[in-house]
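Have the viewer open as you read.

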Amino acid sequence: MPLRGEQIDFSRRTALYRLFDAEGRLLYVGIAFDPEVRWRAHATEKPWWGNVIERRVEWHETRTDALKAEVAAIKAEAPAYNVIDADEPHLKHVARKPGAPQSRQVKASDRDWAAYEAACWDKGLSRTADLRMYIKAQVAAHKRRLRETAASD
């Protein structure tokens, strides 16, 4: 996972990983430059982590390739705990951590949403990843402007 303010290197080799429970059910699909580091984060953040018994990793030459594979895997394989990029959440009873913020919704026409998805796909991103990157960039630019304004006063 990149550090705050760090640019993601989309040309870097990236792992796509799948996490399974004891019954062989697919719990989660994700990507990471270093899966071990990502799994340590999951262990502290995800209430379902204790159910993970098996981990499978496949490497992709670029993060763009891994992102495309991740979106396709989530749609085709319906992992239990992926909500982002899923056609619909697969487990309605999956609870957020207490105090976790509610996800936000963006309203757009079906035509615009489909065109946006195609544009994101061309960049090798899901809509969610593209929106998150855009929001982070806008927040960072806003903070820079605030610092520059404060420095000039």
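E23 pairs with R25 in a salt bridge, with the closest N and O atoms 3.0 Å apart; a salt bridge here is a side-chain nitrogen of Lys or Arg within 4 Å of a carboxyl oxygen of Asp or Glu. Both E23 and R25 are exposed, where exposed is over 50% relative accessible area, buried is under 20% and partly exposed is in between (1.4 Å probe, protein chains only).

Before going further: this is a predicted model, where local features need pLDDT of at least 70, side-chain atom pairs count only at pLDDT 80 or more, and totals for chains, interfaces and linings use all residues. Residues are numbered from 1 along each chain as its sequence is written, and side-chain values use heavy atoms, with hydrogens and water left out.

By the salt-bridge rule the count comes to five. Here are three of them:

| Pair | Closest N to O distance |
|---|---|
| E23 and R25 | 3.0 Å |
| R56 and E54 | 2.7 Å |

What does the R18 and E77 pair tie together? R18 is in strand β1 and E77 in helix α2, so the bridge links parts 59 residues apart in sequence. (Helices, H or I of at least four residues, and strands, E of at least two, are DSSP runs numbered from the N terminus.) R18 counts as buried because its relative accessibility is 15%, while E77, at 35%, counts as partly exposed. As for the other pair, R56 is partly exposed at 42% relative accessibility, and so is E54 at 32%. Salt bridges with shared partners also join R18, E58 and E77 into one network.

Zooming out, the chain has four helices and three strands, running β-β-α-β-α-α-α from the N terminus. Of its 153 residues, 30% are buried.

Now for the inside. The largest nonpolar core has 12 residues, including L16, F20, I31 and A129; such a core is a set of buried Ala, Val, Leu, Ile, Met, Phe, Trp, Tyr and Cys residues joined through side-chain atoms within 4.5 Å. Elements giving two or more residues to this core are β1 (14-20), β2 (26-32) and α2 (63-77), and α2 supplies the largest share, five residues. Another core, of 11 residues, lies apart from it, with L19, L27, Y28 and V52 among them.
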